Amino acid sequence: MKDLCRPIDQNIRPLTPDVLKRMRAVQPVADVSMRDKQGTTTQSYRIWQSVGGGGRSDNDQSRVIGSLTMTRSPEEGGLFSLRVRQQVLMIDNPDIKYGGVHEIVGDLDCAADGCATPQRWRVEHRIHRHRKRLEALPLVYEGRFEDGALHQTINGRPRQTPIAEAWTADWCLIEAIPRLLIQGDADRSLIVLDRMRDVLPDQRLRPRLEADYVSPHFGPLRCVAQTGHGTLPTDYWINEAGELLFVTSVHQAYIADDRAEAKIQRILDENFIMRFEEQGATSP
Amino acid sequence: MSKPPNILFLSTDEHHFRALSSSGNPHVKTPHMDALVASGVSFSQSYSPNPVCGPCRACWFSGMASSESSVIGNVNRGGPAADTGKPTMGRWLTEHSDYRAVFAGKWHAGDHPFRYTIDGFDVILTGVNRNAMLSDRSIAVATEAFLRNADRDRPWLMVTCLQQPHDICESIRMESQPLHELPYGLTEDDLPPLPDNFDYPHKNSVAYAGPTESTWTELNWRYYLWHYYRHVEMCDLQVGSIIEALRETGQLESTLVIFTSDHGEGLASRKLVQKSFPFDESIRVPFVISQPGSIPAHHDPRTLVTGLDIFPTIMDYAGVPIPDHCRGISLKPYLGSLATNQPAPPDRQYIVSDVHNNDIRMVRSDRYKYIACNDGTELFFDMDADPFEMQDLIDDANHAARVREHRDWLRAWEAGLDRHAELEPFLLPTV
């Protein structure tokens, strides 16, 4: 009987930056050293998944499945703004040419504190099918953090959630974790607002000293893990410059890639699923 | 004439029947599913008609048994509608009523897991193959967007098929090495214990060996259980956002919610993972039907239900005739009777499930489970006395009459099916 769970390659897990490199999932990482950290910066990630362990077999569907782009701009009054765009491709279908895309566009104002705590936000979900946006299905999450409570609306319907502990949002973790690590405050608990909507209690950040290593490709890397209610163990990989280069969780990775959005556009234009061997990466 | 209810058919994927905190499981927190359980009728004895993704979904959406739909495995046959000429749930409903039928998520009913063209349904979004972590959020958003913008003058059927906790399969694949030390600061106290039947052997003709059996340590097994419950909790968040959308838009009382899963998960029973075997871990699933104000909250520990009942139940609530090819029954009369002084459970003695590529059948009666395999293997369990299925009574003389009775039921069931021409008949026991 076919062994449904047998991994294809015993030596490529768990996912680490160098494992991703070996699996040809990593393009040359952007040179972040020239970025103006006081001004506007943009960081993009390719969302990538490995299935079947990454080896070449019928079971392997390792590929690009989306992108995340975050643009950070300074504001006054101890705040900075974060503009976020995430696209998730849903093009696994044999019957039509294009399929669907779930696009999320968010504008957040965050406190310049260790947790990059959101203060105000507006997140719009756009569902595209066959390259056309489904205009009849608007969905907008808005909110502000005020007087120790989240004041949220979904399509204008209000709700309020008291929040007494330190908190942040999942997108903001990408900003917050390098900051907390530098401040020596990355070993802590906090609440996470999942997709700017749902409160995830009991989230734990912890530097994984045992996982830190010097990569031949990326230099010294430090690892901070997130665990907690409703969360698969997630590793955030930060380089010496304090840049978050990778986020890995089970078989999924966010990989720093300045051309991530362009690749998604290419996939949509050419209508093919970009597998790891098709990405033109350098040899492992 | 009053408007019939809206109907939300909400499913998870690979959901063990006890992976809910409302079932008393202390290793998982599922407040949103718990609320759903508390708001409606929760059936403890609910079984998948075929405990693999594709075949089960073909049963749901065609109303037929697997050997009729021909979908007996996760293979692409074109789907039950294409293969049999019988209408899908969406087609039948929309052709016989004013309902709009909408679909989001994983289809996989005998053909490709993700389709933008499904007979009778308007598909708003699919999912990401083998990435439930990411795509369930999108599926939930699509559903929420539909529910918050739905036409109030026309009834709808919204089918939302979430993909979690199926990603446990990926967790298993990513954890192939022997584990001797726990990562992430976890301690053994954080991990669920192994089940009572962990070391109890299975029979090869009934279930295949856990692929990790040879390399996994006890820590691996317990870490896998811990992982599984995190997948379930991720799914719970999506269920919460969907039900909340109904509540916040004032549609909860006017919507019949059916919540179930396609199959269970081995969860280390007999050192098995995943599904496709007839033991309860794989084949028994959560099943809740809720409509606050119309259906009283009730926990039903005995009534046997199967995924084949979903199609006829939906049609009955929609006021649509139930097609002759449906093998399940409508649960509406029973649910309606719960509000009276004389609840009337469905009048049936047993249910039958197909298992693993037409090789196995399971017959479940009120108290017993009979398993028959194409190679002649038979098993018989007293599910009240032995819920972990560790005392095979097939050769117990005290149960010989009951075994015969279950064999006869299986023969009667098979004889009543309109078996697909391309399928070999199931080899019934010759005893």
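## A buried arginine in chain A

In this predicted model, A:Arg188 has its place in strand E11 of chain A, which covers residues 188–194. With a relative accessibility of 17%, A:Arg188 counts as buried, because the limit for that class is under 20% relative accessible area.

The side chain of A:Arg188 makes a polar contact, at 2.7 Å, with the side chain of A:Asp185. When residues up to four places away in sequence are not counted, A:Arg188 touches A:Cys115, A:Ala166 and A:Leu180, together with A:Gln203, A:Arg204 and A:Leu205.

## The open sheet of chain B

In chain B, eight strands form an open sheet with mixed pairing, and their order is E5-E4-E6-E1-E7-E8-E2-E9. The edges of the sheet are taken by strand E5 (122–125) and strand E9 (298–300) of chain B, each of which has a single partner strand, so one side of each is left without a neighbour in the sheet. On average, and with direction ignored, neighbouring strands of this sheet are turned by 15° against each other.

Within the sheet order, E1 stands beside E7; strand E1 (residues 6–12) and strand E7 (residues 255–261) of chain B run parallel and are joined by seven bridges. In this pairing, the residue opposite B:Leu8 is B:Val257 in E7(B).

Helix H6 of chain B, made up of residues 132–149, lies across strand E4 (100–105), E5 and strand E6 (156–161) of chain B.

Note on methods:
Residues are numbered from 1 along each chain as its sequence is written. Chains are lettered from A and ligands numbered from 1 in the order in which they are written. This is a predicted model: local features need pLDDT of at least 70, side-chain atom pairs count only at pLDDT 80 or more; totals for chains, interfaces and linings use all residues. Side-chain values use heavy atoms; hydrogens and water are left out. Two strands pair if DSSP finds at least two bridges between them. Helices (H or I, at least four residues) and strands (E, at least two) are DSSP runs, numbered from the N terminus. Axes are lines fitted to C-alpha atoms, for helices over the stretch in contact, and angles run from 0 to 180 degrees between N-to-C directions. Contact means heavy atoms within 4.5 Å. Buried means under 20% relative accessible area, exposed over 50%, partly exposed in between (1.4 Å probe, protein chains only). A polar contact is a pair of N or O atoms within 3.5 Å; within protein, one must be able to donate a hydrogen and the other to accept it, and residues adjacent in sequence count only if both atoms are side-chain atoms.
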